[in-house]
Each structure stands twice: as C-alpha cells, then as structure tokens.
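Please read the following note with the model open beside it.

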Amino acid sequence: MMTMNIERFVSKGKGNGLRALREIKAGEAIHSCEPYSFCIAKDFLKTACHSCLKRGESLSRCSQCKTARYCSVQCQKQAWPDHKRECKCLKRLQPRIPTDSVRLLTRIIFKLLSQSESDQEELYSIAEHQSHLADMSEEKKEGLGHLCTTLQVYLGEENGDLSQLPPGLDPISLLARVTCNCFSISDGELQDVGVGLYLSMSLLNHDCQPNCVMISEGKRLTLRAVRLIRPCEEVQYTYFLKRRLSSFLIELLKESQALLHRYTDVVPDRNIYVLRLLDLSMDACISLDDYKTALEYGNRALETYKLYYSDPHPSRAVELLRVGKLQHYMGRLEEAQGSFTQAYDIMKVTHGTDHVLTNEVRRKLSECQAELGQV
Ligand SMILES: [Zn+2]
Ligand SMILES: [Zn+2]
C-alpha cells in the first residue's frame, strides 16, 4: 500500500503519523494514491464525470438513476462495480439526493460489504482510523445520529443489513471516521469537485510549518516535498485554502466589500476570513467584468500569502496564476509575465512539472513572452 519513501510511526503527542525513510528533496513526489472510495460533490453532480472527475457539459447520464454522469463509456464501465448498489438507492430516492457525506458513506459501506478476505489490510486500516467519537460534543453526535437516519432511509430495506459490517464499524463510528479523515478533491482552480477517503493519507498530520503539500489531479492525490526532508523526520502537510464560487456572488460582493472596508484599518489582511473575502471579492468582480478592482483584490491577497504563509505555498501559486491571467487579459504583459514566472517557480516544487496547472502556467508564460516579442 505504501511506497518505500515513508513509514508509519507514533508521533509524540499526535498519535499516528508518517515519517521519511530516506532523504527527500524539495519538489520530489513522496507518495501518491487513489481514493478507497470517493463521491462527487453535490454542486458538481451534473458537470463532473462520476468516474474520472473530468468536467464537461455533455456528459451521458446513467439510464437507471439519472444521477450519475460519465464522460465516456469506458468511465461508466469502470465506475459500475462501485455504482451498482448505490444506483438502486439513488433511483428510489429521486428526485432527492442525499448529502455528500451520506453518499460517500454508502459507497464505503457497499465496498466493505463486498470486500473479500484478501482486502483485509485496507479494511483494518479503516477500523484503525481515529473516529474522535469520544471527544465529540453532544451536538455533533446528535448531528451524526441524524445523518445515520438519512443513511438508513437512503440504503432502504433491501440494502439495510448493516449487521454484516466488520466489528467496530457500525454506521455512526464509520461516519465519524469518514468526517475526520476525508480529503476534498479539488480541480485546477481549487474548487472542491468531490470528496474521498484516502486510507494511507489519513495517517498524515498537518502542521503550520509543513514540509510537504497535497496536490490532486483527477482523483489521485499526491504528496510532494516542498523542502528537504531528512530521514526519520515526520512528514507533515499543509491544507489548501479552499475557494468556492457561489451563485450568490453579487450579493456576497456587496457584503464582503462592506466588511473589507470596515476592517481595512483594524485587521491586517492576515486574517484568514479576510483572505477568503478577498478571494471571493476577486471572483465576484471578475464575473461582473470589473477587472481593475478584481486585480486590486488579487494583489492584496498575494501580499497576505507572502507575509503569513510558508513559502512555497500552493495556494499562493494558484493566486499568482489567477492574478497573472487577469493582468494578461488586461494587456499588462510585463506584470503578467512576472506573475506567471513566480507561479511557475512555486508550482515546479508544489505541483511538479507534469501537473495540468504547471503546464497551464508554462503555456501562459510562453504566450506572454511571444506577445512581448521575446521569443
Ligand atoms: Zn470520465
Ligand atoms: Zn445509476
């Protein structure tokens, strides 16, 4: 399951962790894996392939549940073993669609129920995952209880025999484990297209002084070193800052502009919420064709990343790409070239030279250079 670069160990005060077995250089891919199980986020049910997560407008629909969508016959075939039983549940509940966590948990349950003896290793590792159930507030436990009721309804009677689940993996503790150990699957622009359970990755601890980052491409998740990691050093990653476009963008813009204005003199932009507001405001301005203001927000966000996040940070690279695209579009070619160059220098390390985003930056950079007459 694990490559030879890392091994599990007990990290002081943190429980399970992963540590380096050898020296790992900045920019090296440490570990890469596919999810044990995953599902498409509700907002992307109609626009992302339920097998490879590729985004597209003309996806074909599963004729049974009319919910699952695929970009190709091959993808549909590949997804069928994991979709088969879920398909019946979706069909029965139409037009209602359960939340992401309930759909994900259902897929995990079906997988566990159909698992053979030879898959025991993976199975044990789910049972070993921390559920944090004991530390949960009553409120949160109650929330889990509600989710379980929804789950039972969704599963229906014909699929509801949960007594066959492995010991210790009743729905409530499974749900608790899943909510604690899931990773968002982001696309290039960092929108959360799906959510997945990556067994080996869940052993990782996160840290504000990370030595690696987690990058997704399709549903594959790759852990990459952003600085030199010495043998036996714990491997710790940083969270990506999430960005989500909303249909209430315009109202939100008014709201966030008012908030930003109010906080300008009081709170430096370091505040994570202010950073999110800046990002949202930038998105909103772009969709309103106000590029000048969008750029101002983008530059402010960049300053914040530079000041308060360890470098190289993947989120800063994506922000640089966004700002660069804006500058490029506005004809500010030299500035755009500068932004793309900085983004490329970070992404070479955080994303690797083959990642789709790194390729996009490289392409944008050469476009700029061509337009500036440098090539
Ligand atoms: Zn596909
Ligand atoms: Zn279906």
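The points below take the helix before the sheet.

1. This is a predicted model, in which local features need pLDDT of at least 70, side-chain atom pairs count only at pLDDT 80 or more, and totals for chains, interfaces and linings use all residues. Residues are numbered from 1 along each chain as its sequence is written, while chains are lettered from A and ligands numbered from 1 in the order in which they are written.

2. Helix α10 covers residues 333-350, 18 residues in total. Helices (H or I, at least four residues) and strands (E, at least two) are DSSP runs, numbered from the N terminus. From first to last C-alpha, α10 reaches 25 Å, close to the expected 26 Å; the expected span is 1.5 Å times one less than the number of residues. Gly352, with a positive phi near 90°, follows α10.

3. Buried residues of α10 include Ala336, Phe340, Ala343 and Met347. A residue is buried if 20 or more other C-beta atoms, placed from the backbone, lie within 10 Å of its own. The buried residues of α10 pack against β10 (212-217), β11 (220-225), α9 (314-329) and α11 (356-371); contact requires C-beta atoms, placed from the backbone, within 7 Å.

4. An open sheet has three strands in the order β4-β8-β7, paired antiparallel. Its edge strands, β4 (37-40) and β7 (182-186), each pair on one side only. Two strands pair if DSSP finds at least two bridges between them.

5. Four bridges join β4 to β8 (residues 192-197). Cys39 has Val195 of β8 as its bridge partner.

Methods: A residue is buried if 20 or more other C-beta atoms lie within 10 Å of its own, exposed if 12 or fewer, and partly exposed in between; C-beta atoms are placed from the backbone. Two residues are in contact if their C-beta atoms, placed from the backbone, lie within 7 Å.
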